Amino acid sequence: TRVIDLFGGDERLITVGRLDRSSEGLLLVTNDGDFANRLAHPRHGVLKVYRVRVAGVPSREALDQLRRGIYLSEGVVRVEGIRVVKTYKQSADLEIVLAEGLNREIRRMLARIDHKVMSLKRIAIGPIRLGELPTGAYRKLTSDELERVSEYALKKQKAEAREAVKEKEQDSKSSGTKPTVGQRSAAPLEPTAASHS
């Protein structure tokens with residue numbers, strides 16, 4: 001069963017974020033492609049937060065290595081943030097923040113530092129948090145959540161526009177032309193949060 005099968009109907013739905021068969025947690029579901037792209041495309045750098053239980057307790061050096069970067073087949077990847085939430089005798093709970101989600105990225109990164117993932121749950125996408133939503137359940141985002149996620153996406157968009165202006169200004173110094181940047185935004189159409197496993 002796919003997440004979009006929970007909703008029924010003929011409308012085309014898009015999930016923001018993906019989870020492999022061994023993972024669970026937050027997905028956003030929408031019928032607004034522009035909204036989904038602003039949250040999902042790696043170039044926008046929308047942060048995603050995961051709670052991960054690993055075998056063993058990673059050392060400070062191992063965590064620093066994840067911050068500096070780990071080489072995978074796609075190149076060097078790194079976490080935006082990582083912290084130990086709780087330790088047990090033979091395992092630890094970590095909170096990991098990613099800006100880009102490659103296929104099985106967390107599992108592969110942790111395997112490189114010899115810590116097998118025992119469980120993995122996405123608990124946030126941008127400003128939207130999973131909270132206490134049970135596995136397999138879904139709900140509409142509140143108007144406050146819609147406003148926050150739209151503001152979050154717009155801030156990311158504006159940051160990208162500023163970067164584009166800087167690049168064009170640098171390029172225009174040699175050509176003598178004045179840079180311009182266009183921006184377009186669209187309101188989301190009732191995105192929905194879903195918990196999946």
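Visitor: Which side chain does the side chain of Ser23 make a polar contact with at 2.8 Å?
Guide: In this predicted model, the partner is Asp20, whose side chain makes a polar contact of 2.8 Å with the side chain of Ser23. A polar contact of 3.1 Å also joins the side chain of Ser23 to that of Arg107.

Visitor: And where is Ser23 placed?
Guide: Ser23 sits in the loop between strand 1, which covers 14–16, and strand 2, which covers 24–30.

Visitor: Is Ser23 buried or exposed?
Guide: Ser23 counts as buried, because its relative accessible area is 4%, and the cut-off for buried is under 20%.

Visitor: OK, what about Thr30, where is that one?
Guide: Thr30 belongs to strand 2, and with a relative accessibility of 2% it is buried as well.

Visitor: Which backbone nitrogen lies 3.0 Å from a polar atom of the Thr30 side chain?
Guide: That is the backbone nitrogen of Asp32, which lies 3.0 Å from a polar atom in the side chain of Thr30.

Visitor: Switching to the whole protein, how many helices and strands are there?
Guide: The protein has four helices and 11 strands, and of its 197 residues, 39% are buried.

Visitor: What share of the accessible surface belongs to carbon and sulfur atoms?
Guide: Carbon and sulfur atoms account for 46% of the accessible surface, which comes to about 11,800 Å² for the protein.

Visitor: And how many of the contacts between residues at least 6 apart join residues at least 24 apart?
Guide: Of the contacts between residues at least 6 apart in sequence, 69% join residues that are at least 24 apart.

How values were computed. Residues are numbered from 1 along each chain as its sequence is written. This is a predicted model: local features need pLDDT of at least 70, side-chain atom pairs count only at pLDDT 80 or more; totals for chains, interfaces and linings use all residues. Side-chain values use heavy atoms; hydrogens and water are left out. Helices (H or I, at least four residues) and strands (E, at least two) are DSSP runs, numbered from the N terminus. Buried means under 20% relative accessible area, exposed over 50%, partly exposed in between (1.4 Å probe, protein chains only). A polar contact is a pair of N or O atoms within 3.5 Å; within protein, one must be able to donate a hydrogen and the other to accept it, and residues adjacent in sequence count only if both atoms are side-chain atoms. Contact means heavy atoms within 4.5 Å. Accessible areas come from the Shrake-Rupley method with a 1.4 Å probe; for residues, only the protein chains shown count as cover.
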